[in-house]
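Here is my notebook page for today.

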Amino acid sequence: MCSANPESTVKHLKYSYLKMTDINKTIQKWHASFSKGTDFDSWGQLVEAIDEYHILARQLQKEVQSSNSSDLTEDQKKTLGKVATCLELRSAALQSTQPQEEFKLEDLKRLEPIIKNILTFNKDFPFDVQPVPIRKILAPGEEENLELEEEDDGGATAGSPDSFPPRVPGAFEGTLLPQLPSEPGMTLLTINIEKIGLKDAGQCIDPYISVSIKGAAIFFELKHYKPKKKFTSTKCFAFMEMDEIKPGPIVIELYKKPTDFKRKKLNLLTKKPLYLHLLQTLHKD
C-alpha cells in the first residue's frame, strides 16, 4: 500500500504558492501602470500618458511572447495581447489629428477590470481587435541600448507594402500638443519642422521626428520602422544649442545614430549637404 510523502506534498504546495504570489505581484504592477497612464491621460499630461501606455504595452507583449511562462493560459495571453493593442490605439489617438477615429479614454478604462482580474477573466473581449503584431515595442528612450545595425533594408522597397507585417495605423506618429498658455514674463518657442534632407527618404516606413530637451539642448531624432528587425529605429539625429534659439529659419546638421545627448562623439550622417530645416517663432507676452 502506497502512502503519500507529506514532505514532498508540502514542498509542492509551497512552490505553487510562490508561483501564484509572483504572478499576482506582476498583475498588480500591470494594474498600477495602467492606472498611472489613465490618470496622466485624464489630467491632460499626454506625453506622460503615451510613455506609460508604451511601457505597459511592451510588458504585456513580453509576457505574451514568453515561452517559459506557465502562469497564464494561451487564452489569457491572447487577451493581454489585445489589451496591448488597445494601449497602442489610445496612444495613437492622443497623437491623431482626426478625432472621429479616436480610441477614447472611456474605452480604455473598460479594460481595467480585465487586467486586474486576468486570472479569472472568461468573458468576450469588449473590442474587435487582434493582439499586437509580433514586433518589439520599445519603452521610451530604450532603443539607444539596442545593438547597432547597418541600414541594410535594401530588400524592402517603397511600393511593396505586402512584404511588411501589419502595424497599428498611426502608432508611431509624433505627439503634437496644444500651445502652452502665456504668462507674464514668459517667452514661448514654436518650432516648425520644415523639411529634412535624406538620400533614401522613400524607403523609410512610418517616419516621425521625436523632439526632446536633454543636457540644455533641443534634440530632433528621426525614427522609422524596420520590418526586418521588427522595431522602430533611429535613422539620424540633430540638435540645437540654447544660443541658437532666435526667430527665423535655421538649418542644422544631421548626425549618425545612436543619439549622443552629451554631444561629445558626433559623426555626420553623410558628406552630402543634407540638413534639418527648422523655423523658429518666439512668443512674448
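I started with the largest nonpolar core and found that it has 30 residues. (Such a core is a set of buried Ala, Val, Leu, Ile, Met, Phe, Trp, Tyr and Cys residues joined through side-chain atoms within 4.5 Å; buried means under 20% relative accessible area with a 1.4 Å probe, protein chains only.) Leu 87 and Leu 111 have the most contacts inside this core. Elements giving two or more residues to the core are α1 (6–43), α2 (46–65), α3 (74–95), α4 (105–109) and α5 (112–116). Helices here are DSSP runs of H or I with at least four residues, strands are E runs of at least two, and both are numbered from the N terminus.

A note on my source: this is a predicted model, where local features need pLDDT of at least 70 and side-chain atom pairs count only at pLDDT 80 or more, while totals for chains, interfaces and linings use all residues. Residues are numbered from 1 along each chain as its sequence is written, and side-chain values use heavy atoms, leaving out hydrogens and water.

Next I looked up what Leu 87 touches (contact means heavy atoms within 4.5 Å). Leaving aside residues up to four places away in sequence, I noted Phe 34, Tyr 53, Leu 56, Ala 57, Leu 60 and Leu 108.

Then came the rings. Ring pairs link Phe 219, Phe 237, Phe 239, Tyr 255 and Phe 261 into a cluster; rings of Phe, Tyr and Trp (its six-membered ring) pair if their centres lie within 6.5 Å, and planes under 30 degrees apart count as stacked, over 60 as edge-to-face and the rest as tilted. Phe 239 and Tyr 255 are both buried.

Definitions and conventions:
Buried < 20%, exposed > 50% of the residue type's maximum accessible area, 1.4 Å probe, protein only.
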